[in-house]
Amino acid sequence: MESVNSIQLSNDFELFERMAQHEQVVFCNDPSTGLRAIIAIHNTTGGPALGGCRMHPYGSVEEALEDALRLSKGMSYKCAAADVDFGGGKAVIIGDPKSDKSPELFRAFGQFVNSLNGRFYTGTDMGTTMEDFIQASKETPYIVGLPAAYGGGGDSSIPTAAGVLYGIKATNQRLFGKPDLGGVTYAIQGLGKVGAKVAVGLLEEGAHLFVTDISNESLRTIEEIAATTPGSVKVVASDEIYSQEADIFVPCALGGIINDQTIDQFKVKAIAGSANNQLLHDTHGTKLQQRGILYAPDYIINSGGLIQVADELYGINHARVLAKTKHIYDAILEVYEMAMNHGISTMEAANKMCEKRIGYKGNRNRFFTVASKPKWSFR
Ligand SMILES: NC(=O)C1=CN([C@@H]2O[C@H](COP(=O)(O)OP(=O)(O)OC[C@H]3O[C@@H](n4cnc5c(N)ncnc54)[C@H](O)[C@@H]3O)[C@@H](O)[C@H]2O)C=CC1
Ligand SMILES: O=C(O)CCC(=O)C(=O)O
């Protein structure tokens, strides 16, 4: 009762109303390891829910729940966009990834994942690493993105970063009539697992970067790497990244960073990065459109990791993963085209495309097929 009271519900059913679009939300509590986590399953029309697990020092249960609900919904759309037969889910662990991790905490998390019996598969996201999920995998087989030595498909941030670079190429094609990454200026927020790989890919092509991160170590590392490439790096303060005179803003940290405050500061021509849930609200997609800023929908441009972990569940084939990840280039161009032709924002165009696909899946799954026995045959 205590934790439910602390999220200050204004009526008895508000929690259920908040989760109305979701199939299932699981609160995981293990005082002995300090685990406090929420697993949100949005929609399993297309197959079992699939989505990474984020660890973040949320200020309240409310904030953590909101993130889990929004991230898991995004995964349903991402699965539809990437055309994989999985549904949307995501987990969040409340805690500081720098100080609150332990092998026991991730094993406890693994036990909760296991209790869902295959309704939810998970792996890394912001604040978590493959090392954490090696621990979780001791308790459950429903873990993806483990190193090959542990039977997994490997680090999913590699295809995520590759997909972001394809999405940026498509954006450059639209903006400048050529896909080249070099000779363009980028403002990158976050140099973690994905952001650092995107930055290196751009530097190798001779790009000019403004970068920020709350970790000084990540900033020092990228400066050292930049010195060995044809590109260049300038470190800027966290709150200055939005107002840089760059061509493209590349968000690779937290979500909600496209909002009323930041939209007024942007001087860029486009936004194309890996962060999940970049728009605080979908209406901010329309505001970007009105300001003439091209937006690469987050769940399409960052779908490389999902493509890899989904492929792992079919039996990983890296050539197939690469081919599907390359397709992000065409998918982003298709959405830009659709938005322009219909006079809508790129986010609306992407949502329409995915809702149609989820609808088709729902219809397909309504039909009885001979693959399994009907329930009534046992009566
Ligand atoms: N890892 C993956 O394959 C995928 C990641 N994403 C999304 O991409 C984003 C980044 O993910 P990862 O690289 O895996 O996370 P990560 O935890 O490895 O890196 C995040 C980086 O952002 C930095 N950061 C945090 N707050 C910041 C702030 N206010 N200003 C500047 N930097 C800040 C952190 O210090 C860290 O270096 C997240 O939104 C994640 O959900 C999306 C799809 C797949
Ligand atoms: O990268 C993963 O492990 C799963 C995919 C995911 O969670 C994401 O794309 O946000």
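What is the volume of the second largest pocket? In this predicted model, in which local features need pLDDT of at least 70, side-chain atom pairs count only at pLDDT 80 or more, and totals for chains, interfaces and linings use all residues, residues are numbered from 1 along each chain as its sequence is written, with chains lettered from A and ligands numbered from 1 in the order in which they are written. Side-chain values use heavy atoms, with hydrogens and water left out.

The second largest pocket has a volume of about 440 Å³, and of the 21 residues that line it, Arg 70, Lys 73, Gly 74, Asn 277 and Asp 282 are the closest to its centre. A pocket here is an open set of points on a 1 Å grid over the protein atoms alone, where a 1.4 Å probe fits and where protein lies on both sides within 12 Å along at least five of seven lines, and lining residues have an atom within 4 Å of a point. Grid points are joined across faces, edges and corners, and the volume is the space filled by probe spheres set on the points. Helices α3 (61-82), α11 (298-301) and α15 (346-366) each supply at least two residues of this lining, and α3 gives the most, with six residues; helices (H or I, at least four residues) and strands (E, at least two) are DSSP runs, numbered from the N terminus. By residue type the lining divides into seven nonpolar, seven polar and seven charged residues, where Ala, Val, Leu, Ile, Met, Phe, Trp, Tyr, Cys and Pro count as nonpolar, Asp, Glu, Lys and Arg as charged, and the others, Gly among them, as polar.

Asn 277, one of the residues closest to the centre of the pocket, has a positive phi of about 55° although it is not a glycine, and it is found in the loop between β11 (270-271) and α10 (283-290). Asn 277 counts as buried because its relative accessibility is 15%, buried being under 20% relative accessible area, exposed over 50% and partly exposed in between, with a 1.4 Å probe and protein chains only. Asp 83 also has a positive phi, near 55°, and is found in the loop between α3 and β5, but Asp 83 is exposed, with a relative accessible area of 51%.

Strand β5 (residues 87-94) holds Lys 90, which UniProt lists for "active site" in an unreviewed entry; UniProt positions are given in the numbering used here, feature names are shortened, and annotations may be inferred rather than shown by experiment. Lys 90 counts as buried, at 3% relative accessibility, and, not counting residues up to four places away in sequence, its contacts include Ala 68, Leu 71, Ser 72, Met 75, Asp 125 and Asn 276, a contact meaning heavy atoms within 4.5 Å.

Elsewhere, six strands form an open sheet in the order β9-β8-β7-β10-β11-β12, with parallel pairing. Strands β9 (232-235) and β12 (294-295) stand at the edges, each with a single partner strand, so one side of each is left without a neighbour in the sheet. Two strands pair if DSSP finds at least two bridges between them. Strand β10 (residues 248-251) is joined to β11 by two bridges, and Phe 249 has Ile 271 as its bridge partner in β11. Four bridges join β7 to β10, where Ile 188 stands opposite Val 250. In a regular strand the side chains alternate between the two faces of the sheet. Along β10, Ile 248 and Val 250 point one way and Phe 249 and Pro 251 the other way, and all are buried.

The unreviewed UniProt entry lists both for "binding site", together with Gly 192, Lys 193, Val 194 and Gly 195. Gly 190 is buried, with a relative accessible area of 7%, and Leu 191 is buried as well, at 5%. Not counting residues up to four places away in sequence, Gly 190 touches Gly 195, Thr 212, Asp 213, Cys 252 and Ala 253, while the contacts of Leu 191 include Thr 212, Asp 213 and Ile 222.

Finally, Gly 304 is found in helix α12 (residues 304-314) and counts as buried, at 0% relative accessibility. Gly 304 and Pro 159 are 145 residues apart in sequence, but 4.7 Å apart in space, C-alpha to C-alpha.
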